[in-house]
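Subject: The structure, and what turned up in it

Hello,

Here is the structure I promised to pass on. My notes on what was found follow just below it.

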Amino acid sequence: LTSIIVCPATLVYNWEREIKKFTSSLISTIHIGDNRIKNPNTLSQFDIIITSYQTLLKDIKFFEQIAFQYTILDEAHYIKNRDSQIFKAINRINTINKVSLSGTPIENSLADLWSQMEFINPDILGTYPSFKKVFQDSIERYKDEEAMAELKKLLSPFILRRTKKEVLNDL
């Protein structure tokens, strides 16, 4: 099955280089610009589609017709706003596996984290109003240590955190 990588436009060609370097047997395509393929049947012939968040938003009607093996979001803080069009579009993709990569999963509030977790593991944190009441308000307003510990316990199996020192050689 086809997989899709969604990233900022500035990273599309980096992903292409890395795919060619490490998985040269896979057939990939870059889906940006005016000459991009707008046929779901043709797109599904590729092993990997690399596109930007904005292009995905424009072409969601094509992407939602494809069954993806993996959806990988790079710089996933792009979906931090649960009311944004990009968050809604990303969640319309038909995919078996989801991966979310972000160096800054929380930029403004715990609501950012809820949106990203809702993408990779829907309902693990409940509805947003429930999450806000149980975790966000308790932690952000009242510094509730028990709520923080419970949130960490829920999320720890899904988060791999590495420091800059740990990845410096890879960069």
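**Aromatic residues**

Phenylalanine 87 and tryptophan 114 are both buried (under 20% relative accessible area, with exposed meaning over 50% and partly exposed in between; 1.4 Å probe, protein chains only). A word on the source: this is a predicted model, where local features need pLDDT of at least 70, side-chain atom pairs count only at pLDDT 80 or more, and totals for chains, interfaces and linings use all residues. Residues are numbered from 1 along each chain as its sequence is written, and side-chain values use heavy atoms, leaving out hydrogens and water.

The whole structure holds six aromatic pairs (Phe, Tyr or Trp rings, the six-membered one for Trp, with centres within 6.5 Å; planes under 30 degrees apart are stacked, over 60 edge-to-face, the rest tilted). One of them joins phenylalanine 87 and tryptophan 114, tilted at 35 degrees with 6.4 Å from centre to centre. Tyrosine 128 and phenylalanine 131 make a pair with centres 6.4 Å apart and planes at 40 degrees, so this one is tilted. Both tyrosine 128 and phenylalanine 131 are buried. Together with Phe135, the residues Phe87, Trp114, Tyr128 and Phe131 form one aromatic cluster.

**Charges over rings**

Arginine 82 lies over the face of tyrosine 128, 3.4 Å from the ring centre (NZ of Lys or CZ of Arg within 6 Å of the centre and within 35 degrees of the ring normal). Lysine 98 has its charged end over the ring of phenylalanine 119, 5.1 Å from the centre.

Best wishes
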